[in-house]
Amino acid sequence: HRPGSGDLPTPYHPERPARVINAEKQLREKYGEGLAWREPGLVHDDQAAINILKQIHKEKHLAKVKALSESGGGLLDWQTYTNEETYNVALLAASVWPSDMESACMRLAASA
C-alpha cells in the first residue's frame, strides 16, 4: 500500500499497513523475546515459493499480480491495491512460511 497517498486502501480496509504494525506490536507484547524476529531477505522468482502460491492461486492471478508489480502497481480489483513490491512480498511470505512452520513444530515437539 502507499501510506498517505489518499488512494486505496481506505482507513477501513482490512489490508493496510496499520494491520501489520498492530500485529507485530501484539506479538511483541505477548511473546517478547520468545519469538525469533528476523529481517526478510529478497526473493526473486523463487520457484519453491511460486509452487506454494500456485496451490492457493491460479497462475493467471499470479501473472496479473506480477505484471502489476512490475509496472509500479495499481488496482488488482476494486478494493485491492498493489505496488511495485507486492509480488516480491508474496514470494517472500510463501518462502518463509515452510521454514517457520518447521521451526515452530520442532519447538513444540521439544517442549512436549
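I began with burial and noted that, of the 112 residues of the protein, 18% count as buried, where buried means under 20% relative accessible area, exposed over 50% and partly exposed in between, with a 1.4 Å probe and protein chains only. I keep in mind that this is a predicted model, in which local features need pLDDT of at least 70 and side-chain atom pairs count only at pLDDT 80 or more, while totals for chains, interfaces and linings use all residues. Residues are numbered from 1 along each chain as its sequence is written, and side-chain values use heavy atoms, with hydrogens and water left out.

Next I looked up the secondary structure, which comes to 4 helices and 2 strands, in the order α-α-α-β-β-α along the sequence; helices (H or I, at least four residues) and strands (E, at least two) are DSSP runs, numbered from the N terminus.

I then turned to the strands and found β1 (residues 73-77) and β2 (residues 80-83) paired in the antiparallel sense over 4 bridges, pairing being assigned if DSSP finds at least two bridges between two strands. The two strands form a hairpin with 2 residues between them, and G74 stands opposite T82 in β2.

K64 and L76 are 12 residues apart in sequence and 7.8 Å apart in space, C-alpha to C-alpha.

Last, I examined W37, which is found in the loop between α1 (17-31) and α2 (47-54) and, at 36% relative accessibility, counts as partly exposed. Together with L27 and Y31, W37 forms a nonpolar patch on the surface, with about 290 Å² of accessible area for the three together. Patches are made of residues with over 30% relative accessible area and no salt bridge, with like charges joined within 9 Å and nonpolar side chains (Val, Leu, Ile, Met, Phe, Trp, Tyr) within 5 Å; a salt bridge is a side-chain nitrogen of Lys or Arg within 4 Å of a carboxyl oxygen of Asp or Glu. Accessible areas come from the Shrake-Rupley method with a 1.4 Å probe, and for residues only the protein chains shown count as cover.
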